[in-house]
Amino acid sequence: MAGAATVSLPAPRSGGVVAGLRRHALPVAVVVAAIVALWYAGAVLLNAPQQVDAFVRAGTPDYSTADLVRETLNQKRPVLPSPHQVAAEFWASTAMVAPTSKRSLIYHGWVTLSSTLLGFAAGTLFGIALAVAIVHSRVMDKSLMPWIIASQTIPILAVAPMIIVVLNAVGITGLLPKALISMYLSFFPITVGMVKGLRSPDVINLDLMRTYSATKRQVLWKLRLPSSVPFLFTSMKVAIAAALVGAIVGELPTGVVAGLGARLLSGSYYGQTVQIWAALVAASLLAAALVALVSVVERLVLARMGARA
Amino acid sequence: MTSAALLLILGLGTALNVALVRAAPASAALRTGRDVAVPLVFGVTLLALWQVAVTGFAISPVLLPAPAAIWGKIVMEYPTLWADFSQTFLKGALLGYAIGCGSGFLAALLVDRVDFLKRGLLPIGNLVSALPIVGVAPIMVMWFGFGVGSKAAVVVIMTFFPMLVNTLAGLSAAGAMERDLMRTYAASHGQALTKLRLPAAMPFVFNALKINSTLALIGAIVAEFFGSPVVGMGFRISTEVGRLAIDMVWAEIAVAAVAGSLFYALVSLLERLTTFWHPSFRAR
């Protein structure tokens with residue numbers, strides 16, 4: 001339908017707002033609509049057997065198809081909750097309860113967010129420091145770089161519970177253990193991107209710095225760091241998403257009572273599928289918001305530095 | 001005493017590496033040997049520091065077991081570790097990896113034919129890559145049970161989108177000149193695909209295969225935290241943590257690290273063999 005409507009419109013001049021909308025927003029909207037439709041269809045299909053059982057047990061085996069569809073979309077513990085159920089649960093656990101309540105996703109989201117941001121900040125600083133060391137020292141480059149790459153083939157997420165439990169045993173609890181996992185996950189993209197970025201200045205510019213007889217420190221501050229900024233932001237987008245995953249998985253071990261990960265785990269223990277999906281939606285929104293935030297800062301900083309839009 | 005030993009080891013390792021890096025190897029083979037030796041020396045230094053620090057400062061094995069103790073555990077518990085490895089990696093992770101990468105690749109081939117779909121799916125695919133997809137693990141365990149199926153399902157979902165997005169990007173990587181050349185040959189869509197665009201997309205496909213190789217292991221292990229049979233690396237890690245048998249956990253980590261690195265190395269080797277023409281593999 002939407003496709004047919006646009007075809008009949010006259011071709012817009014390139015670069016116009018309408019053209020931009022039609023090129024990008026419309027296809028995305030159609031695909032999202034298709035996903036939601038598929039989701040509803042899936043919910044009906046997956047929940048139907050359970051619902052048929054319920055009808056039979058309730059002594060009303062002569063149900064109509066409309067009844068079946070309506071009931072499958074409104075079960076209490078569906079196999080696949082329908083989008084509007086998830087939306088309702090999300091609304092109920094964000095807007096309808098106080099943000100300080102244990103039932104509020106805002107409270108759990110905040111717990112996750114704070115360790116994500118702490119880990120991300122520490123990981124970014126550590127990653128930049130490592131990259132600066134690697135660019136300036138051949139010994140560091142040769143001995144560290146292979147290990148940094150190998151470190152990421154280790155499924156650190158899988159050992160997150162151990163880190164949490166062991167640090168708990170020595171009395172380090174709360175934010176720090178989770179932030180440590182976030183930091184481990186986020187330093188890698190930063191280091192790799194920054195090594196590339198710090199080496200990105202052209203030979204001609206480095207030579208110019210030499211003719212000025214600039215010290216290593218001056219080359220770093222006045223040439224290498226400014227030209228690495230675009231690389232830094234690209235890496236930060238990857239790193240902040242990784243940091244969030246780290247924080248969520250860090251909340252999985254039992255004993256942690258707050259955070260989106262803990263919410264996932266308790267939902268899985270008690271079979272509260274709607275609660276799991278609502279927590280997933282919250283985590284996804286958080287991830288999207290964080291990446292968008294980095295993008296906005298990127299655009300502002302690059303514009304300030306005189307990059308072409 | 002211990003501190004002196006630590007400083008000595010650190011100094012020796014650093015001095016050896018500085019000497020190795022400063023040395024000017026005569027031949028290419030020697031240079032390759034040097035490039036392998038330097039990280040090895042660094043790693044051995046690190047292990048030695050770990051061992052001496054743990055024994056010297058008498059750190060409780062519950063907190064951090066010594067490398068020698070972990071190695072002993074690996075040798076002793078070899079059958080258990082192998083059973084866990086084959087359950088999690090050979091069954092769950094590899095199955096999901098194959099299905100996820102395969103379906104992502106095929107979906108990209110289909111989507112590539114419809115420009116409208118491509119413009120709609122790419123932003124969504126990029127967004128999904130940033131989402132914490134591991135979170136679907138509890139749902140998959142509910143749907144597919146405690147067995148291998150749910151682990152594979154998590155891995156499929158985690159690996160699908162990186163493959164889709166990368167393959168789509170790769171399929172548009174062939175230059176306009178080469179495409180025009182295909183047109184002048186009157187090549188069909190299939191011919192242009194197999195002879196030009198797929199080969200050009202291979203570096204991107206391998207990028208996704210490499211990203212996915214680590215994601216697959218992570219997905220399979222994390223999914224086991226939400227329910228598993230009494231075998232598997234994730235199951236072992238979570239139960240042994242509960243019993244504070246940390247040396248066994250480290251043994252599992254060592255197995256996972258070696259498996260992950262080997263898997264990654266294997267994909268990289270395949271990449272070298274397939275995309276030998278790519279500029280990044282030219283001899284310097």
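Which residue with a positive phi follows helix 12 of chain A? In this predicted model, that residue is A:Gly306, with a phi near 85°.

## Helix 12 of chain A

Helix 12 of chain A covers residues 273-304 and has 32 residues. From its first C-alpha to its last, helix 12 of chain A reaches 47 Å. That is close to the 46 Å expected at 1.5 Å a residue.

Helix 12 of chain A packs with helix 11 of chain A (residues 260-269) at an angle of about 160°, and their axes are 8 Å apart. Because angles over 145 degrees count as roughly antiparallel, helix 11 of chain A and helix 12 of chain A are roughly antiparallel to each other. Their crossing is left-handed. Helix 11 of chain A contributes A:Leu260, A:Arg263, A:Leu264, A:Gly267 and A:Ser268 to the contact, while A:Gln275, A:Ile276, A:Ala279, A:Ala282 and A:Ala283 come from helix 12 of chain A. Six of the residues in this contact are nonpolar, three are polar and one is charged.

## Domains of chain A

The domain assignment divides chain A into domain 1 (2-80) and domain 2 (105-304). Between the C-alpha centres of domain 1 of chain A and domain 2 of chain A there are 36 Å.

## Helices 5 and 7 of chain B

In chain B, the axes of helix 5 and helix 7 (residues 148-171) cross at roughly 135° and come within 9 Å.

On the helix 5 side of chain B, the contact is made by B:Lys118, B:Leu122, B:Gly125, B:Asn126, B:Val128 and B:Ser129. Helix 7 of chain B supplies B:Phe161, B:Pro162, B:Leu164, B:Val165 and B:Leu168. By class, this contact of helix 5 of chain B with helix 7 of chain B has seven nonpolar residues, three polar and one charged.

## Contact between the chains

Chain B has 47 residues in contact with 44 residues of chain A. On the side of chain B that touches chain A, at least two residues each come from helix 1 (2-22), helix 2 (28-56), helix 5 (115-130), helix 6 (137-144), helix 9 (189-224), helix 10 (233-242) and helix 11 (246-274) of chain B. The residues on this side of chain B comprise 36 nonpolar, nine polar and two charged.

Terms used
Residues numbered from 1 in each chain as written. Chains lettered and ligands numbered in written order. Predicted model: local features only at pLDDT ≥ 70, side-chain atom pairs only at ≥ 80, totals over all residues. Helix = DSSP H or I, 4+ residues; strand = E, 2+ residues; numbered from the N terminus. Expected span 1.5 Å × (residues − 1). Axes fitted to C-alpha atoms, helices over the stretch in contact; angles between N-to-C directions. Parallel < 35°, antiparallel > 145°, perpendicular 65-115°, else oblique. Left-handed = near helix turned anticlockwise from the far one by under 90°. Contact = placed C-beta atoms within 7 Å. Nonpolar A, V, L, I, M, F, W, Y, C, P; charged D, E, K, R; others polar. Domains from an automatic or database assignment.
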